[in-house]
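Here's a quick tour for anyone meeting this structure for the first time. Take a look at it, and then we'll walk through it together.

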Amino acid sequence: MHPPTMYFPLIVDEALMVEPTETESKETLDNAIAVFRKLYELAGTDPEKARH
C-alpha cells in the first residue's frame, strides 16, 4: 500500500489516503480491508483512541 498523493493531506487536516499498488495480492487487500474496518469501528466507538 502506498499514499496516492501528498497534496490532499496538506489541504484536509488529518487526512489519510491509501491505495493498493497494481501488484497487491487478494490476500493483502483482504488484510488491509480488515484493518480499515477495525479503524472505522474504533473511530465510531472511541474517536480519541483512533486518533493515536
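Is Asp 30 buried, partly exposed or exposed? Asp 30 is partly exposed, because its relative accessible area is 36% (buried means under 20%, exposed over 50%, and partly exposed in between, using a 1.4 Å probe and protein chains only).

Before going further, a word on what you're looking at. This is a predicted model, where local features need pLDDT of at least 70 and side-chain atom pairs count only at pLDDT 80 or more, while totals for chains, interfaces and linings use all residues. Residues are numbered from 1 along each chain as its sequence is written, and side-chain values use heavy atoms, leaving out hydrogens and water.

Now the overall layout. The chain has 3 helices and 0 strands (DSSP runs numbered from the N terminus: H or I of at least four residues for helices, E of at least two for strands). Along the sequence that reads as α-α-α. Of its 52 residues, 2% count as buried. The chain exposes about 4,700 Å², with carbon and sulfur atoms supplying 59% of that (areas come from the Shrake-Rupley method with a 1.4 Å probe; for residues, only the protein chains shown count as cover).

Confidence is lowest in helix 1 (residues 7-11), at a mean of 66, and highest in helix 2, at 90. Where pLDDT is low, the predicted coordinates should not be read in detail.

Back to Asp 30. This residue forms a salt bridge with Lys 26, the closest N and O atoms being 2.8 Å apart (a side-chain nitrogen of Lys or Arg within 4 Å of a carboxyl oxygen of Asp or Glu). The structure holds 1 salt bridge. Both partners lie in helix 2, 4 residues apart, or about one turn of the helix.

Helix 2 (residues 26-45) is also the place of Val 35. Together with Val 18, Phe 36 and Leu 39, Val 35 makes a nonpolar surface patch of about 320 Å² (patch residues have over 30% relative accessible area and no salt bridge; like charges are joined within 9 Å, nonpolar side chains, meaning Val, Leu, Ile, Met, Phe, Trp and Tyr, within 5 Å).

Finally, Arg 51 sits in the segment after helix 3 (47-50).

| Residue | Relative accessible area | Class |
|---|---|---|
| Lys 26 | 61% | exposed |
| Val 35 | 45% | partly exposed |
| Arg 51 | 53% | exposed |

Note on methods. pLDDT = per-residue confidence, 0-100.
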